[in-house]
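Hi everyone, thanks for making time today. I'd like to walk you through one protein, so please have a look at what comes up on the screen.

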Amino acid sequence: MGTEVDKQVVEAPAKLYRVGPVVLLGAPGAGKGTQAKRIVEVHWVPQISTGDLLRDNVGRGTELGRQAKAIMEGGGLVSDELVCGMVAQRVLTEDCHRGFILDGFPRTVAQAEWLDGFLTGAEFAAHPCTSLPPVVIEIAVSYNHLFQRLTGRRSCPTCQRIYNIHFQPPREFGRCDHDGAELVTRKDDTEDVIAQRLKAYERQTLPLVEYYKRQGRLRSVDGEKSLEQVTEETLKAIGHGHSL
Ligand code: AP5
């Protein structure tokens, strides 16, 4: 364990470059959240998970959460309008100035078109990442692996760390390695809802692979490799950042 001073020395160089926008694309259970957290540890830019933001709104009982709750419980997609508004607000906050990782956004062609317009539009013009086009990384995993990953997933309600009873178990059964909290299963990780989420992915999100391929922006990593190998490929795809 490093001291506070060691940590500052390690963190300082990270603040001298911009990462820009990073988009993680992939089916439910592909490993977007897991990889996003690993990128954060290397590049010190925030993970923006639209799923986490929506779950937070549902938990706090906000108007947005009230509108999203039933849709999420059924495995469908929340409206583009609600999600884009939420992302715009989050991306413009100061901690996103060196870059940000979009985890689970965009998820429809309409959201991708909105993002292209937003990143080149007036609202984003003063953002330090305005000249940096997004790096789009698809984490590719075949359907037969996804089901086991989702039914085996457990997460920590306190620090949001992600585990898997088959592939990434905690040291002590049912407890977070980091803070000892009791791990929970996500409400939408049931067989019926997983089937609906995969259908929504196929119908509404898969076309984005073509969308970004046509723009020459898609980089694909093999999400069936080990966590460490996927991280290595993902970090390679992001590159070394751009000087400030
Ligand atoms: P969201 O929370 O984004 O869920 P999702 O896209 O279904 O993705 P997941 O979080 O389930 O999977 P993941 O790819 O992050 O995988 P993870 O890293 O956890 O969205 C939830 C809902 O919110 C949606 O259904 C929708 O209703 C709504 N929503 C969200 N965004 C929206 C948007 N933009 N528009 C409209 N609606 C939106 O990994 C999964 C498991 O696999 C873990 O247990 C992990 O340990 C394990 N694992 C990961 N990598 C590996 C590996 N390499 N090898 C072995 N196991 C691995």
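Let me begin with a question: where is the place of Pro106? Pro106 sits in the loop between β4 (99-103) and α6; helices here are DSSP runs of H or I with at least four residues, strands are E runs of at least two, and both are numbered from the N terminus. The peptide bond from Phe105 to Pro106 is cis, with omega near -5°.

A word on the ground rules. This is a predicted model, where local features need pLDDT of at least 70, side-chain atom pairs count only at pLDDT 80 or more, and totals for chains, interfaces and linings use all residues. Residues are numbered from 1 along each chain as its sequence is written, and side-chain values use heavy atoms, leaving out hydrogens and water.

Now the overall picture. The protein chain has 10 helices and 9 strands. Its C-alpha atoms fill a box of roughly 45 × 45 × 35 Å along the principal axes. For 244 residues, a compact globule would have a radius of gyration near 18 Å, and the protein chain agrees with its 18 Å; that radius is taken over C-alpha atoms, and the globule rule is 2.2 Å times the number of residues to the power 0.38. Of the 244 residues, 44% count as buried, meaning under 20% relative accessible area, while exposed is over 50% and partly exposed is in between, with a 1.4 Å probe and protein chains only. Among contacts (heavy atoms within 4.5 Å) with a separation of 6 or more, 72% come from residues 24 or more positions apart.

Next stop, His127. This residue is found in the loop between α6 (109-119) and β5 (135-140), and His127 counts as buried because its relative accessibility is 5%. Leaving aside neighbours within four places in sequence, His127 is in contact with Val91, Cys96, His97 and Phe100. The His127 side chain also reaches the backbone oxygen of Val91 at 3.4 Å.

Finally, some backbone angles for you. Trp44, in the loop between α2 (32-43) and β3 (47-49), has phi near 55°, a positive value in a residue other than glycine. Trp44 is partly exposed, at 41% relative accessible area. Gln160 lies in the loop between β6 (153-155) and β7 (162-164), and its phi is near 65°, again positive in a residue other than glycine. With 38% relative accessibility, Gln160 counts as partly exposed.

Technical notes: A polar contact is a pair of N or O atoms within 3.5 Å; within protein, one must be able to donate a hydrogen and the other to accept it, and residues adjacent in sequence count only if both atoms are side-chain atoms.
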